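Hi there,

Here is the structure I promised you. Have a look at it first, and then read on for my notes.

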Amino acid sequence: MTTPSTTSRYPEVYAAWKADPEAFWREAARAVDWARQAERIFDPEAGVYGRWFVGGELNACHNAVDRHLPERAEQTAILYESPVTGTRRSLTYAELRDEVAALGAVLQDLGVGPGDRVVLYMPMVPEAIVAMLACARIGAVHSVVFGGFAARELAARIEDAAPKAVLAASCGIEPGRVVAYKPLLDEACALSAHKPEACLILQRPQSEAAMTAGRDRDWAEAVAAAKAEGRAAPCLPVAATDPLYILYTSGTTGKPKGVVRDTGGYLVALAWSMPNLYGVRPGETYWCASDVGWVVGHSYIVYGPLLHGCTTVLYEGKPVGTPDAGAFWRVIAETGTVALFTAPTALRAIKKEDPDGRLMQGHDLSRFRTLFLAGERADPDTVAWAETMTGVPVIDHWWQTETGWPIAANPVGLGALPVKRGSPTVPMPGYDVQVLDEGGRPLPPDTMGTIAIRLPLPPGCLPTLWRQDERCRESYLATFPGYYNTSDAGFLDRDGYVSVMGRTDDIINVAGHRLSTGGMEEVLASHPAVAECAVIGIRDALKGEAPCGFVVLKSGVDRSPAEIERELVALVREKIGPVAAFKLALTVGRLPKTRSGKILRGTMKKIADGETWTTPPTIDDPAILDEIGERLKARGIG
Ligand code: COA
Ligand code: AMP
């Protein structure tokens with residue numbers, strides 16, 4: 001690979017990793033405090049494809065909080081900015097330690113011990129971070145569920161993770177509505193075969209929850225009591241290979257995948273990324289405008305910035321509408337943010353409302369150095385607009401829930417490489433990225449194929465799926481022996497720059513949120529009037545993609561199709577949640593299929609996206625494609 005001539009240290013750093021991966025990660029591990037040094041940096045015989053830092057012991061909460069106290073006790077650790085409640089709050093590192101230690105003691109009172117799972121169903125409030133760290137402190141494994149998921153999705157996660165306790169807030173706040181979490185939690189507990197022994201409920205004034213006697217405890221009271229008794233849980237070292245958390249993500253079916261994150265490798269990878277990739281220094285303010293329910297939130301709202309001694313901004317609001325499209329610039333200025341990490345969708349939303357950046361005016365952005373984008377493809381127009389408006393480098397980077405930190409990025413801390421808009425730049429150390437054909441053979445530059453990573457995956461990436469080693473092998477390692485299959489399609493150019501164009505499976509990306517069309521199809525198919533269905537992701541100017549469901553009704557159903565379509569939209573919202581953003585169901589006479597019965601989703605997508613398409617020679621009934629085109633046109637699509 002020949003990266004363009006540059007003063008960046010990237011080429012030598014990547015080459016050093018390639019020449020001796022173990023030496024590279026041994027050195028990187030020095031940025032983390034260990035209770036016991038690892039016996040082996042990497043053991044290729046352990047686990048599904050090997051394990052990192054075997055024999056090492058450490059505690060994630062100690063590394064994120066306690067170890068900073070000698071220097072940073074009075075520095076702000078968390079800056080909570082909540083335009084939806086009109087609140088601003090900050091916690092110093094010392095205050096964060098006290099909160100986390102007290103909640104850790106409460107968790108121990110609830111019977112939570114090392115290795116036990118704790119499900120968190122929390123909005124973007126400081127207590128969400130405190131809860132994650134409290135679990136880490138006592139060696140428990142947290143599993144955060146995004147607030148936009150419905151009861152059934154929460155139930156699936158509770159059932160799989162089998163938590164001893166659930167920590168939840170009474171509600172979340174979306175613009176214009178309060179989302180009562182507690183009824184969803186109660187329903188999830190009723191649906192799940194596994195019943196958590198205890199629920200700790202954070203009452204928010206916007207909607208106080210009714211408590212279930214015997215199971216529910218009041219968060220504030222329990223923490224106050226622990227503090228009054230002077231009880232504070234100490235940090236308990238765990239094995240580097242022990243899970244820090246499980247994070248469920250969409251698979252190709254309705255059953256989510258429990259991505260496991262180990263402790264040692266994760267902290268080492270994050271500690272490397274903060275200075276080298278993001279180019280931030282301890283003590284600076286770093287803002288990741290995602291949600292703690294996503295991997296981006298785990299890595300770069302919580303663990304990454306705190307590990308590095310930064311101030312992290314926790315933002316409970318939207319890029320637009322809370323109250324306007326100037327919100328991001330206001331928060332950057334008022335918090336002194338040096339690096340913002342958001343999704344391209346958020347910028348598209350801001351651009352739509354404020355194309356000339358009028359709402360930027362009056363905000364002092366002089367400390368703002370870099371804008372990072374991830375979660376979906378960053379289209380060149382959006383990148384160009386953001387560069388012009390902000391005057392700072394706009395850095396796309398590519399990663400997945402499974403990897404926990406970026407696969408490809410422009411490492412500004414090592415010296416930025418030239419930006420090629422539309423490309424998340426180059427592989428990070430640890431990732432040997434290859435583009436393969438269907439037979440697993442590496443393809444030449446500029447040729448589209450499946451992007452795969454030569455094993456082993458670097459520290460920080462998933463060691464396995466929760467209690468499902470075999471599903472992990474089948475999902476990621478079986479297609480291309482010796483490689484991890486990213487299920488993203490793209491290419492490498494002659495300079496070694498990666499371009500990521502879309503998924504090769506039925507996952508779609510809606511507003512930077514990862515969703516399974518297979519999961520939505522399962523819901524549509526459960527409607528009594530539906531004979532068969534197909535959900536595809538169609539192009540959406542704001543959200544990148546939006547789901548669109550085509551359904552064939554059972555013969556004999558003589559109800560109004562429009563009424564059934566409305567019911568289907570409501571059903572997906574009820575079963576998966578509002579985050580699915582499923583707003584379009586269309587009844588059709590038949591689904592287009594090949595003669596062997598395969599649904600022609602690719603052709604349907606081309607029609608919906610207004611691209612040129614040809615009738616596939618294998619189609620059984622070409623007329624149906626015209627019907628689909630007409631149905632879409634009637635809705636202004638295609
Ligand atoms: N709890 C409950 N409901 C939620 C939720 C949460 N945490 N997050 C989103 N929802 C709801 C929304 O209210 C919306 O409901 P509606 O159908 O009643 O309007 C629905 O889920 C879809 O949400 P979303 O797709 O986010 O659309 P939106 O219209 O609310 O907002 C944007 C549009 C562009 C402002 C928003 O998508 C955004 O900020 N995107 C950036 C995404 C991001 O940061 N992703 C993280 C990956 S890096
Ligand atoms: P998630 O697991 O929710 O982080 O989603 C991961 C998926 O989002 C990837 O497999 C990609 O399809 C997509 N994605 C994330 N970041 C990028 C990016 N920078 N460019 C293109 N696609 C991206």
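In this predicted model, a backbone N or O atom of Glu376 lies 3.4 Å from a nitrogen atom of ligand 2. Gly375 also uses its backbone here: one of its polar backbone atoms is 3.1 Å from a nitrogen atom of ligand 2. Gln400 contributes through its side chain, where an N or O atom is 3.0 Å from an oxygen atom of the ligand. On its own, ligand 2 has 490 Å² of accessible area, and the protein covers 94% of it.

Which residues are closest to ligand 2? They are His397, Thr401, Asp488, Arg503 and Arg514, out of 15 residues that surround this ligand. Sorted by class, that shell holds six charged, five polar and four nonpolar residues.

Now to ligand 1, which has 24 residues around it. Glu174, Arg177, Lys543, Arg573 and Lys583 are the closest of these. The shell divides into 12 nonpolar, six polar and six charged residues. Two elements, β10 (177–180) and α13 (344–353), each supply at least two residues of this shell.

- Lys583: a polar side-chain atom lies 2.6 Å from an oxygen atom of ligand 1.
- Gly148: a backbone N or O atom lies 3.4 Å from a nitrogen atom of ligand 1.
- Ala289: a backbone N or O atom lies 3.5 Å from an oxygen atom of ligand 1.

Ligand 1 exposes 940 Å² when taken alone, and 83% of that is buried by the protein.

A word on the annotated regions. An unreviewed UniProt entry gives residues 71–455 the feature "domain: AMP-dependent synthetase/ligase". In the model, this span is 31% helix and 24% strand, and its end C-alpha atoms lie 39 Å apart. The unreviewed entry also has the annotation "domain: AMP-binding enzyme C-terminal", covering residues 520–598. Over those residues the chain is 27% helix and 30% strand, with the end C-alpha atoms 18 Å apart.

I also noted some backbone details. The peptide bond from Thr322 to Pro323 is cis, with omega near 0°, and Pro323 is found in the loop between β17 and α12 (327–335). The bond from Leu455 to Pro456 is cis as well, again with omega near 0°. Pro456 is in the loop between β24 (449–454) and α15 (469–477).

Arg467 lies in that loop between β24 and α15. Its phi is near 55°, a positive value in a residue other than glycine. Arg467 counts as exposed because its relative accessibility is 63%, over the 50% cut-off. Ala581 has a positive phi too, near 50°, and sits in the loop between α17 (561–575) and β31 (585–587). Is Ala581 buried or exposed? With a relative accessible area of 11%, under the 20% limit, Ala581 is buried.

Finally, please look at His308, placed in the loop between α11 (295–307) and β17 (311–315). His308 is buried, because its relative accessible area of 15% is under 20%. Leaving out residues up to four places away in sequence, His308 touches His68, Met274, Pro275, Val280, Arg281 and Pro282.

Best wishes

Technical notes. Residues numbered from 1 in each chain as written. Chains lettered and ligands numbered in written order. Predicted model: local features only at pLDDT ≥ 70, side-chain atom pairs only at ≥ 80, totals over all residues. Heavy atoms only, no water. Near = heavy atom within 4 Å. Polar contact = N/O pair within 3.5 Å; in protein donor to acceptor, adjacent residues only side chain to side chain. Areas by Shrake-Rupley, 256 points an atom, 1.4 Å probe, with all protein chains shown as cover. Helix = DSSP H or I, 4+ residues; strand = E, 2+ residues; numbered from the N terminus. Nonpolar A, V, L, I, M, F, W, Y, C, P; charged D, E, K, R; others polar. UniProt positions renumbered as here; feature names shortened; annotations may be inferred. Buried < 20%, exposed > 50% of the residue type's maximum accessible area, 1.4 Å probe, protein only. Contact = heavy atoms within 4.5 Å.
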